[in-house]
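Please read it alongside the sequence and the structure shown here.

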Amino acid sequence: MKRILKILAVVIVLMVLGVWWFTNSLKPTYNGTVDIKNVQEEVSVYYDNYGIPHIYANNESDALTALGFVHAQDRLWQMELLRRIPTGRLAELFGEELVKTDRFFIGLGIDEASHKAITKLDTTSKTYRLTKSYLNGINQFIKEGPKPLEFYLTGVKKKPFTVKDVYNIFGYMAFSFAMAHKTDPLLTNIKNKLGTAYLADLAIDTNPISELIKTHSPKDSLVVSNTLMSSIDTALSKLPVPQFIGSNSWVIAPQKTSTGNVLFANDPHIGFAQPSVWYEAHVHTPNYEMYGYHLGGSPFPILGHNRKIAYGMTMFENDDIDFYWEENHPTDANLYKTPDGWKTYEIRTKTIKVKDGDDVTATVKTSQHGPIMNGITNEITFDQPVAMSWIYTKHENHGLEAIYKMSHATNQTEFEAALPLLHAPGLNIMYGDAENNIGWYAVGKLYELPKTGHSKFILDGANGINEPIRYLDFSENPKATNPPWHYVYSANNQPETISGMFYPGYYLPENRGKRIVQFLEPKNDWDKNAMAKMITDVKSSVNPTITKELVSLIDQQNLNKNQKEALAILQNWNGDNQLQDIAPTIYHKLIYLCLKNTFLDELGDDMFSQLMKTHLIKRTIAPLFSKENSVWFDNIETENKSESRKNIVTQSYIEAVSDLEKQLGNDISQWTWNKVHTLEHQHPIGKIEALRSYFNVGPFEVNGTREVINNLGFYYDGSGEYKVTSGPSTRRIIDFSDIENSLSILPTGQSGNLFSKHYKDQAELYNNGEFRKMMLNEEEIKSTSKNILIIK
């Protein structure tokens, strides 16, 4: 018996040692020496206390090779997913559930657009050569580094990265910014099902008295089935990486700062996931320095700063996707009608590999407008072909060159020269520099449609009268450089007129923009600490006004004790959204039920659910409930009765209190925001319940809400829980008076490697609204670094 126990003990020890050895073998290498081919001179990588690499090299090619290597060892799994999405290769990892997603992205044509772009590249250009250096570093790690744990779990085989992969990743980013696919088919369906009267109270067009971004320059009878929207929604809901949502940024000129230098803030809003989107890296050579934020597979930083310039971005939210009805030939489905006669659809076929399943063939028809959506998803049941026209695939792609030039600019003039190269997605590019210049630039290829067509609806593609009249010259794009009000900002809200028109888009409501202006306008002594407080602000400038309007409509005669107490809380609310606040819990339940009782009877469950996921509904809430009369208020399911706004709001309030009593109990003091507003950073593997606690980060109780500056977004779904899906992907504050102590934070951590100590070491700081330093001082970096990786 003793012998058996000894053997068992030895086996257990060996197993423990084996697991220890295996997990340690998968950790990133932060110390030691690594030999990489084609490195000309030795490179030193100093890791700071949060795992940010500070790369010191004698030339930029070696620096980019080192960057590729260290990026891959922390984020190879993320890179792998990002390159698979646009080429339709997720089902190969995750099985049949991702076939619809793969089919959808194959249909978009991102891969084909990337192929066209790389065939036209100048292979002697510095952009291309540095991209190849970066890929050399990634591929050296793929060849010689440890396989990430996720590769073992999903059966991924390591394969080299290519320039085409880089372009495809940019293509995915461009599509994730778009909103038309969530909105245009829905509005077309509302119009055709209910009539144009039902469109009047939806915030489709611009309200000119809302908070607009100021510009300054020194110089249908067709019928659409609901399945189009639901099929797109289904495809995108399965994505294992986050989509881009919105953003804030503001830059303050020296005239309004206490130091007499520019202050810069940016917090791009992106879907939360683990790992988080950005990989930070500081690259230093004798001729180049940049502290940058990289997408997985991006050699050049999308966001960045150095001692001379700082730049960031938000979503422009312009409309760069249009849908067109096509008309098939009556006897030949391969032909479609154009003003010049019948044309033949282009047809391409790809094979989708499915894990533990049979291969699936995806066939895509493409008209002159774009891919036919009916062929992209099996769930579209109507016969009329509808094509998607997307600016990104219509024009030559110079995005990589643009990001290279932006990151290598040394002044405002050089920076501005790069911007016309960005044709899609539409972005608000924010800029500040050490020479006291500031700027906001709306970039993207803008175009004008004829007045016969409204870009928010599916257009007739057969008659030729709904085609773009012209593409605007970049000089016509809105911008503000060194304006006399001494600040620029963007919060995804509508800019002022462009070439005499309000440019169509899917802009977010004025809430954040209004709050930003309320902060910036009166204050003239801004400093870094005040900026840090502002970027984590959780007070709404609009919601209390909506609340007062709703409260005034509630019939209070027969309210019970809890209903009266909850009403008093709403009446006294100042718009704050702290963890222990009660008003936000009541407010969001009331708003959801007001929307449900207003729209559900006309739309039905599917369309109502889709409406809740659009920017449009956020823009609609305030103006709709400020109107005494709307065709939406009458419940079409009740006979011999016409409901009013007052009826809807009173009914919704009674239901809200009742629902909260069932959910959180009768003691209103327990209805605190922290109980219903939570954030969990989900890893694709964390969807498996047994592995959730290992791979996911959280859940956390968090303050904030949607459409405040600390914009923690969620969708209304009736559950009474507001699980945050998106928010600041980083918070950056750059102070040109103290550039070496500028601030940043990531939502979880720098590394996507489960076994790295930097997997989630920033999560608590992030949730608390705290920051860490973005180090630039060479002496400080080298003297404080405890981990040094030598690459030669």
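Tyr-47 faces Asn-787 of strand 30 across a strand pair. The model is predicted. In that pair, strand 2 (residues 43–47) and strand 30 (residues 787–791) run antiparallel and are joined by five bridges.

- Strands of a sheet pair through backbone hydrogen bonds, in either a parallel or an antiparallel sense.

- Strand 10 (residues 321–325) runs antiparallel to strand 15, and five bridges join the two. Within this pairing, Trp-325 stands opposite Val-386 of strand 15.
- Strand 11 (residues 335–338) and strand 12 (residues 341–344) are antiparallel and are joined by four bridges. They form a hairpin with two residues between them, and Tyr-336 is placed opposite Lys-343 in strand 12.

**Packing of helix 6 and helix 13**

- Helix 6 (residues 126–144) packs on helix 13 (residues 399–408) at an angle of about 90°, with the axes 10 Å apart.
- Angles of 65 to 115 degrees count as roughly perpendicular, and helix 6 and helix 13 are therefore roughly perpendicular to each other.
- Helix 6 contributes Lys-126, Thr-127, Leu-130 and Thr-131 to the contact, while helix 13 contributes Leu-400, Glu-401, Tyr-404 and His-408.
- By class, the residues of this contact are three nonpolar, three polar and two charged.

**The second largest cavity**

- Rolling a probe the size of a water molecule over the atoms shows where empty space is left.
- The second largest cavity has a volume of about 130 Å³.
- It is lined by 17 residues, of which Gln-73, Pro-148, Glu-150, Gly-752 and Asn-753 are the closest to its centre.
- Helix 2 (60–84) and helix 7 (149–154) each supply at least two lining residues. Helix 2 gives the most, with six residues.
- The lining comprises ten nonpolar, three polar and four charged residues.

**Backbone geometry**

- Most residues other than glycine have a negative phi, and most peptide bonds are trans.
- Gln-274 and Pro-275 are joined by a cis peptide bond with omega of about 0°. Pro-275 is located in the loop between strand 5 (263–271) and strand 6.
- A cis peptide bond also links Gly-698 to Pro-699, with omega near 10°. Pro-699 is part of strand 24 (residues 697–701).
- Asp-356 is not a glycine, yet its phi is positive, at about 60°. Asp-356 occupies the loop between strand 13 (346–352) and strand 14 (360–366).

Definitions and conventions: Residues numbered from 1 in each chain as written. Predicted model: local features only at pLDDT ≥ 70, side-chain atom pairs only at ≥ 80, totals over all residues. Heavy atoms only, no water. Axes fitted to C-alpha atoms, helices over the stretch in contact; angles between N-to-C directions. Parallel < 35°, antiparallel > 145°, perpendicular 65-115°, else oblique. Contact = heavy atoms within 4.5 Å. Nonpolar A, V, L, I, M, F, W, Y, C, P; charged D, E, K, R; others polar. 1 Å grid on protein atoms, 1.4 Å probe; cavity = no way out; pocket = protein on both sides within 12 Å on 5 of 7 lines; lining within 4 Å. Points joined across faces, edges and corners; volume = space filled by probe spheres on them. Pairing = 2+ DSSP bridges.
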